[in-house]
Amino acid sequence: MQNHRKSSFLKLQGNIIRNKIMGFLRPDGRKGLRNHVLVIPSSICALHVASCIASQVEGTVSLQNHYGCGQLLPDMEISLRTLAGLGTNPNVAAVLVVGLGCEGIQADMLANRIALSGKPVEKIVIQELGGTLKAQEKGLRIVRNFAQDAAMTERVPFELSDLVLGLECGGSDTTSGIAANPVIGYVSDILAEQGGSSILSETTEMIGAEHLLAKRAVSDDVAEKFLGFVLRVESDANRMGVDMRGTQPSPGNIEGGLTTIEEKSLGCIHKGGHSPLQEAVLFGEVPSKKGLIFMDTPGHDVESLIGMAAGGAQVMVFSTGRGTPTGCPITPVIKMTGNSKTFAAMEDNIDLSVAGIIEGIETVEQAGQRLMKELLDVCGGRLTKSEALGHHEFGIYRIASSL
Amino acid sequence: MKYDAIVVNESDSVATALRDLEAGKNARFANKGDREINLRDAVRFGHKFAIRDIQKGEQIKKYGETIGRAICDIPPGSCVHVHNVESLRGRGDNAKS
């Protein structure tokens, strides 16, 4: 199977060499597949100004950040780490941080963290400038200059070893575990072989088969860290009187054919293919290793995508059984399904169908080849449907309520 | 339509039905080549059937991993689900293992 996969992939790779993928070289050495100028409100109070600025400049996006103030320190640290990670993501050319002035996440705190990446970063503070209109004026000039300069970013050849792919599933159904997720796993394995990375996430989904992923960890430290994430999610739920393990699979899952929690969890883990687990990272943390990575994210799709984007993923692959239009502000999200009815109903939002596997007319390997081709096209610049339709869903994982 | 069921990994002991399958009919699937098994039970879309003899107490394989344990002998072509499988991880008393 390994040889078949390698030789089929090399045929694909031949096409890529003919139409070389070019990436945007960033000062920290990472390569982006998009070239966004990003406006980040360091707290919700600066959100409107940030949105207004971004909406008036070509090639610029803002983050709908509702956090950054009224947070317990450990919770705020996660928000800060995530916002900084999004700023340093290689798909981002330059960053303007907008702060109100009195918030928990100060604009200069965030701007300084992002500036460590070497890319152009500026900050404006509404209270210092004397209100939103003056802040908008100053911010617009900064962002206009960023947008003009961004096009001059050096382009360099982009290899699969430069890619960090975020893996996600949401709105899962019976087809997810037997079609869409194994296809993602196929691509994840190719990436690992080629020296690239894929990030498996959603700690909640690991419950039931976590021991199997832990077995594949390259060291006891990695296994322990990963298992620690799972233990925490379960004990947090137990403290609130919710038995996550005992209520899975749900009656709906059982009706659909899932027999045990192991089987359900394995269906999700399958997105990560079969390669060794190299590292377990916190929400929004940039991995230090290549290969298959696990990131501690919630099952909440939007938060999970944002966590992986903060971790440096340049593209996401998202399997959905029921259909979801979710995108990401700074990365393309390739939406795929193994359910032909879902694809027919939501073709406007879903990029790829692998329902042929369910229909018995295509193998996982064949569908995997098609997903690879789609992935390479998207790396080369093709917009996914969520990108083209402007889906910029945003959320950050919280570990405490607002103060 | 070539196949009626899918086997995810070479070493699996079950196949998953790709549509509602009738008892008594043959189900076609790929597992180290094209294979066919006569179904003892009706197997609904998304549900599983055994593709070889499974002994009582044996671990049931899907995705190349154990998804549970047979609580009785399961002949090939029989439906494999909550009535003849127990989870190794899901029971409250096993929660700590």
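Let's start with one pair: Asp28(A) and Arg30(A) form a salt bridge, and their closest N and O atoms are 3.1 Å apart. A salt bridge here is a side-chain nitrogen of Lys or Arg within 4 Å of a carboxyl oxygen of Asp or Glu.

A word on the source. This is a predicted model, where local features need pLDDT of at least 70, side-chain atom pairs count only at pLDDT 80 or more, and totals for chains, interfaces and linings use all residues. Side-chain values use heavy atoms, leaving out hydrogens and water, residues are numbered from 1 along each chain as its sequence is written, and chains are lettered from A in the order in which they are written.

Back to our pair. Asp28(A) is partly exposed, at 34% relative accessible area. Arg30(A) is partly exposed too, at 24%. The cut-offs: buried is under 20% relative accessible area, exposed is over 50%, and partly exposed is in between, with a 1.4 Å probe and protein chains only.

Next, Glu263(A) and Lys48(B). They form a salt bridge, with the closest N and O atoms 2.8 Å apart. Glu263(A) sits in helix α11 (residues 261-269) of chain A and Lys48(B) in strand β5 (residues 48-50) of chain B, so this pair joins two chains. Helices (H or I, at least four residues) and strands (E, at least two) are DSSP runs, numbered from the N terminus. Buried or exposed? Glu263(A) is buried, at 0%. Lys48(B) is buried, at 1%.

Now chain B. Glu58(B) bridges to Arg52(B), closest N and O atoms 3.0 Å apart. Glu58(B) is partly exposed at 21%. Arg52(B) is partly exposed at 35%.

Last, a network. Salt bridges link Arg232(A), Asp236(A), Arg239(A) and Asp296(A). Over all chains, the count is 21 salt bridges.
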